[in-house]
Amino acid sequence: MALLHRPGRPAPAGRPRRLARTAAALAATLALLPPLVAAGGASAQEVPAADVDVHVNTQAALGRLSDTARGVNAAVWDSHMNDPEVAALMKTADVGAMRYPGGSYADIYHWETHTAPGGYVAPGTGFDAFMGTVRATGAQPILIANYGSGTPEEAAGWVRYANVTKNYGAKYWEIGNEIYGNGHYGSGWEHDDHADKSPREYARQVRAYAAAMKAVDPTVKIGAVLTAPGNWPDGITGEGDPGDWNHTVLSQVTDVIDFVTVHWYAGGSDTSADTAMSRLTRLPGELREVRAQIDRYAGADSPRIGIALTEVNTNTGGAQLTARPNGLFAADAFMTALENGVFNVDWWNTHNGPGAITTVDGETDYGDMGMLASGSCTGDVCQPAPNTPFHPYYGMKMTGELGTAGDTMVAAASSAQDLSAHAVHRRDGRLSVLLINKNPDAARTVDLAYAGFSPSAAAPEVSRYARGDSDITDVTDSGASASRVTVPPYGMLTVTLTPKSGTGPGASAAGIPGTPRLEAVTDTTARLSWAGTTGAARYLVQERDGAHTYLVGETTGTSVTLRNLPPGSTHTVNVLAADSAGRLAAPSDPLTFTTGTPADAACTVDYHRDTSWGNGFVATVSVRNLSDTPITGWTVDWDWPTDGQSVSSGWNATFHQSGRHVRVTAPENAGPLAPDGASTASFGFVGANDGPNPDPTVFRLNGAVCAGG
């Protein structure tokens, strides 16, 4: 980003902008799994009856927080980016990454001359000055190599200066910003001097950049730009291209990249932060689809390739941006992304500049996508002094109250749509729970229940950010208990609990197993293996369904085969080690996998997406009968992988959708499907998608599971 309210685009001079339940439980080992506990505790005050239930399961790990988890963007047109107050504020909020030189400016910025032809560069924003702020913050840089008007040699020179000459140890390097916005798909904001603006050329250049940069420093991590699934231009195939942007790029670069970057703005016709918070439900599916795309092209090497969400905000302009609801959105968005497989989330922006002035929740909203005030004005309405934090800063800072690098994110589920819950199991055994009340009018009283964690009788530590608070406030004496808390309207609480003595992973002699690997998968089985750990007498494999877990395997070794899995089903599992006394250690990081379809099926279905345009698509489905008898009066059934997918209209068949389930019935005049694949029935439809658009994983012909075409 780089234009006022328009991420990824350069600003005018002086005016910058901006997973299914499966095999039966093993009864002999269920006793090892601690029961669901609704823990009590002393309360200093009477707490109202609960109207929300939150379930936290510390045996369902979602991954560890990285040292670069929380990040912000910094831009060379921002004269305040290196103010001493910035480093102090970001250090206090546990910011671990700072991205430079500023969205779309990256593709016009030349690091050595500190110039951006066609754009504005503020004094005091050079690379060395930026690295001074990075080091004062205790963060790492994420640097964007100039793709649009640069060369692999220029990027290699930057690596040499940063890591050889200056010994900065800059690890993460993106190749360009939003290069898919270079005009190849008809809309262009990203500067790109290459005559060929196709994804094939970008992939070719990524390989050249990676070779040149790693020749200087083999330890650097190279990132390729992807578009977020379900967001333009996802799904669009340009003239002469073999596929859309993501599939074309990934098919050519997975052996030379170390991570991918995506940008996510909640968007929508209603640009309010309240609507953006509801649209966060799309983000997990979109990130799962990014991982599925990497899996498809990288195969067994996929776990090596990380995902970074290097720009996030409510909208690209015209939204509630500095007001309280965007602070709630920031906290929710950071944790939602981190829980769904990214190692880094960067807010757009540190400072950005004011836009439309509105009043939100009784406060002035400056229409500014920055976390900190720039001190600028819109007309006669001026912002507070430079570096005054806006609400999104406190949202990000509240996630620092929840956990830091090396802590484990665990599953938490809320019974209410307007109250989000996130949880982190600390390395010292404590459990922190973040509760975000998105209701502007009513407090929500929450009953807290736990699996795998037994809280002590001590009162929890409680931090609050709500109306009337000028910063995150310690309210430990407010009457909250381990089992019930009340969250103010439009407010956030982080509740931190200590474990009952002798309980939890700290009481086990076993360590944490390695992340499970998928060794082989069929339509009904999956063979998993993992690195063993000291002190383990046996290992338990648990599947997660939301915040609940189910025992699906047990072994004294370090591999297991899960059986009787449904074809085309997706599963998320963790491995836990039990010591000789049966005490469980902390869970491994998760593995998500999908089973296939039977190779010897009596039918095949070929599903082909003919064209896409971001929120819609046209698909053709072809069906063949491989049995030795003809089929008359056929039906084809499938389930969409996400809630936002649907059939709008179709031809050569009758379509009916209920929830995610689609049934297609042969037309009245259809002839029989001949045996042994001798004939084909084809039909097509126009579909819609609100968010990611993954293909269905299993099709059934008259109830029988088919193989892929």
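The legends below describe several close-up views of one predicted model.

This is a predicted model, in which local features need pLDDT of at least 70 and side-chain atom pairs count only at pLDDT 80 or more, whereas totals for chains, interfaces and linings use all residues. Residues are numbered from 1 along each chain as its sequence is written, and side-chain values use heavy atoms, with hydrogens and water left out.

**View 1. The disulfide of cysteine 377 and cysteine 382.** A disulfide is a covalent bond between the sulfur atoms of two cysteines, and here the term is applied to a pair of cysteine sulfur atoms within 2.5 Å. By this rule the model has two disulfides, and with bonded cysteines counted along the protein chain they follow the pattern 1-2, 3-4. In this view the sulfur atoms of cysteine 377 and cysteine 382 are 1.8 Å apart, and the torsion about their S-S bond is about 100°, so this disulfide is right-handed. Cysteine 377 has a relative accessible area of 36% and is partly exposed, a label that stands between buried (under 20% relative accessible area) and exposed (over 50%), as computed with a 1.4 Å probe on protein chains only. Cysteine 382, at 39% relative accessibility, also counts as partly exposed.

**View 2. The disulfide of cysteine 603 and cysteine 706.** The two sulfur atoms of this pair lie 2.0 Å from each other, and the link, with -95° about the S-S bond, is left-handed. The pair connects distant parts of the chain, 103 residues apart, with cysteine 603 in strand E29 (residues 603–612) and cysteine 706 in the loop between strand E37 (704–705) and strand E38 (707–708). Strands (E, at least two residues) and helices (H or I, at least four) are DSSP runs, numbered from the N terminus. Cysteine 603 is buried at 2% relative accessibility, and cysteine 706 is buried with a relative accessible area of 2%.

**View 3. An open sheet of five strands.** The strands follow the order E33-E34-E31-E36-E37 with antiparallel pairing, where two strands pair if DSSP finds at least two bridges between them. Strand E33 (654–658) and E37 are the edge strands, each pairing on one side only. Strand E36 (residues 699–701) and E37 run antiparallel and are joined by two bridges, and leucine 701 stands opposite alanine 704 in E37.

**View 4. The largest nonpolar core, seen around tyrosine 202.** A nonpolar core is a set of buried Ala, Val, Leu, Ile, Met, Phe, Trp, Tyr and Cys residues joined through side-chain atoms within 4.5 Å. The largest one has 113 residues, and Phe130, Trp173 and Tyr202 have the most contacts inside it. Helix H8 (residues 324–339) gives the most to this core, with nine residues. Leaving aside neighbours within four places in sequence, tyrosine 202 is in contact (heavy atoms within 4.5 Å) with several residues, among them Tyr147, Ile175, Trp245 and Val249.

**View 5. Aspartate 676 in its loop.** Aspartate 676 lies in the loop between strand E34 (661–665) and strand E35 (680–689), and with a relative accessible area of 59% this residue is exposed. Apart from neighbours within four places in sequence, aspartate 676 is in contact with Asn625, Leu626, Ser627 and Asp628. From C-alpha to C-alpha, aspartate 676 and tyrosine 168 are 65 Å apart in space, and they are 508 residues apart in sequence.
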